[in-house]
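Work through the exercises below with the model in view, and try each task before you read its solution.

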Amino acid sequence: MRIGVLTGGGDCPGLNAVIRGVVRKGVQDYGYDFIGFRDGWRGPLEADTVQLDIPAVRGILPRGGTILGSSRTNPLKAENGIRRIKENLSKLEVDALITIGGEDTLGVAARLADEYGIACVGVPKTIDNDLSATDYTFGFDTAVNIATEAIDRLHTTAESHMRVLVVEVMGRHAGWIALHSGLAGGANAILIPEQRFDLAQVCSWVESRFKIRYAPIVVIAEGAMPKDGDMVLKDGSQDSFGHVRLSGVGEWLAKQIEDRTGQEARTTVLGHVQRGGTPSAFDRWLATRFGLHAIEAVRDGDFGKMVALQGTDIVRVPIADATAKLKTVDPKLYAEADVFFG
Ligand code: F6P
C-alpha cells in the first residue's frame with residue numbers, strides 16, 4: 001500500500017508531528033510506503049512529490065511549519081483539477097491520501113472522497129480551533145500560549161506608562177484564541193467576531209480601569225466588528241488568494257479609544273508569530289495521536305473520514321461534518337468572561 005500525505009492551508013505548529021506519527025506507524029507496524037506531496041493540493045495536481053520515509057521524519061517532532069510545504073491551492077477551481085489528481089495518483093500508484101488541513105483543505109478532501117471516490121482520510125488542523133466535530137485542533141494551544149505570554153508582557157509596559165494596550169490576535173471567524181488568551185492573560189475586554197462590540201461600552205471599561213489606577217488591556221480578534229455599523233473592513237474585497245483582507249481592527253480601535261477617552265493607546269498585532277515556532281506539549285501530543293489514528297483509518301479502508309478529539313478519545317467522523325459549519329464561540333462561554341471586563 002502506498003499513501004500520499006499533504007498539508008494544506010495556513011501552516012500551524014504540530015503539522016510535522018502528524019507527519020511523523022503517520023510515517024512511523026505506517027512503516028513500522030504495517031510496512032506501508034509513503035509519498036509526500038508538496039504545497040497542499042498543488043502537489044497531487046502537479047505530481048510534485050518529495051521522499052517521505054523514516055529518515056525524512058527524524059527530528060521533526062518539535063519543528064514548527066511543515067516539511068511538505070503548504071498552499072491554499074483548490075483543485076476544484078483548477079482546470080481539469082479532479083481528472084489531473086486522479087491521473088497523477090494512479091501514475092504514482094498512490095492508494096490513499098492523508099490530507100492534513102483546515103476548512104478549505106478538508107472541504108476538498110470531503111468532496112474528493114464522497115463525490116469522486118478518491119480514498120482520503122482527513123486530519124484537522126488550525127490555530128483558530130474553529131473546526132466542528134473535534135474538541136480541539138492542534139496549533140490552537142500553541143497560539144494561545146504565545147498570545148498569553150504577549151499579554152503578560154504588555155501588562156507591565158502598559159502599567160509603566162498608564163496606557164491602553166490593544167492586542168490583536170488571529171481569528172477571522174471565531175474568537176477562540178482571543179477568549180482563551182484573554183482569560184489566561186487577565187484582559188479587561190475581549191472582543192470576538194461572534195458578537196459585535198459596543199464601542200461606548202469598551203470605552204467605559206477602559207475608563208473604569210484608569211479610575212482605579214490600572215492600565216487596561218483589550219484583546220481583540222482580527223475579525224471582530226463594532227455594533228454601530230462602523231465598517232472596519234477596508235472594502236470587503238478579497239485578495240488574489242480568496243481571503244477577505246482585514247484592515248487592522250486593532251489600530252482602528254486604539255484610535256477610537258484615544259479619541260473618545262483621551263487616554264493614550266497603543267496596538268500590538270501578533271499576526272503570524274502565533275503560527276510559527278515549536279508546538280506546545282499538548283499540540284505535539286494531539287498531533288501525534290491524530291497521525292497514529294489516521295493510519296488506522298487508512299488500514300481499515302475508512303475513507304471520507306476525519307480523525308477528531310472528543311473528550312480524551314480520538315474518534316472518526318465524516319469529513320463533511322467538520323467542514324459544513326464553523327465551530328464558533330458559544331455565547332454562554334463568552335458571557336463567563338464578563339466579570340473581568342472593566
Ligand atoms: O486560518 C488560520 C489563520 O491563521 C487565520 O487566523 C488568519 O486570519 C489567516 O490564517 C491568515 O492567513 P494568511 O497566512 O494566508 O495570511
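**Exercise 1.** Find which residue of β13 Q310 stands opposite, and describe how the two strands pair.

Solution. Q310 stands opposite D313 in β13. Next, take the strands as DSSP runs of E with at least two residues, numbered from the N terminus, just as helices are runs of H or I with at least four. Strand β12 (residues 305–310) then pairs with strand β13 (residues 313–318) in the antiparallel sense over six bridges, where pairing requires that DSSP finds at least two bridges. Finally, this hairpin has two residues between the strands, and G311 takes a positive phi near 65 degrees.

The model is predicted, and local features need pLDDT of at least 70, side-chain atom pairs count only at pLDDT 80 or more, while totals for chains, interfaces and linings use all residues. Residues are numbered from 1 along each chain as its sequence is written.

**Exercise 2.** Decide whether R284 is buried or exposed, and list its contacts beyond its neighbours in sequence.

Solution. Begin by locating R284 in helix α10 (residues 281–299). A residue is buried if 20 or more other C-beta atoms, placed from the backbone, lie within 10 Å of its own, exposed if 12 or fewer do, and partly exposed in between. R284 counts as buried because it has 23 C-beta neighbours inside 10 Å. Leaving aside neighbours within four places in sequence, R284 is in contact (C-beta atoms within 7 Å) with G14, A17, L61 and P279. By contrast, the C-alpha atoms of R284 and D95, 189 residues apart along the chain, are separated by 27 Å.

Technical notes:
Contact = placed C-beta atoms within 7 Å.
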